[in-house]
Amino acid sequence: MYEDFHVTDRWTGEDLHCQWRANIVAIATRHADAVDIRFDVNGRPMWIALPCTAWVEQKKRSGKVITDRIAVQIAGRHLKQLIEEGYDAAREMYTVSVEETVAHLDAIVAEGKQLGGLPALPVGVEATG
């Protein structure tokens, strides 16, 4: 679904290949209460920061936790939406609100049900850069 996808840039019409590279807990790396999800967009790094409080909210809502695999799908769906809506290509990081995170999660669960499940994350992905 959203771990490796193509999307057309709204402004340039360019085909952008978005590939998931890593999940990093931002508390340790940039002292933020977030999980940073890295994608390469035509080879350029792009980070989507999901707030840790979204994990708490999801647990309250459903009793279930957001897994790494679901976090990647949420971030990828958000990235795709940003690009389709005309994102700022010069930015390397976008922060997602708790509300946006759970809305993307709900959409991913619905999409996953239609597809028969969520895809597994690629194993052995080597980050470049």
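Residues are numbered from 1 along each chain as its sequence is written, and side-chain values use heavy atoms, without hydrogens and water. In this predicted model, local features need pLDDT of at least 70 and side-chain atom pairs count only at pLDDT 80 or more, while totals for chains, interfaces and linings use all residues.

A salt bridge was defined as a side-chain nitrogen of Lys or Arg within 4 Å of a carboxyl oxygen of Asp or Glu. Six salt bridges were counted by this rule. Helices (H or I, at least four residues) and strands (E, at least two) are DSSP runs, numbered from the N terminus. Buried means under 20% relative accessible area, exposed over 50%, and partly exposed in between (1.4 Å probe, protein chains only).

Asp-40 belongs to strand 3 (residues 34-41) and Arg-21 to strand 2 (residues 15-25), so the pair ties together parts 19 residues apart in sequence. Asp-40 is buried, at 2% relative accessible area. Arg-21 is also buried, at 18%. A network of salt bridges links Arg-21, Arg-38 and Asp-40.

Arg-61 and Asp-106 form another salt bridge, at 2.5 Å from N to O. This pair links helix 2 (residues 53-62), which holds Arg-61, to helix 4 (residues 98-115), which holds Asp-106; the two residues are 45 apart. Arg-61 is partly exposed at 38%, and Asp-106 is partly exposed at 39%.

Within helix 3 (residues 68-85), Glu-84 and Lys-80 are four residues apart, or about one helical turn. Their closest N and O atoms are 2.7 Å apart in a salt bridge. Glu-84 is partly exposed at 40%. Lys-80 is partly exposed at 23%.
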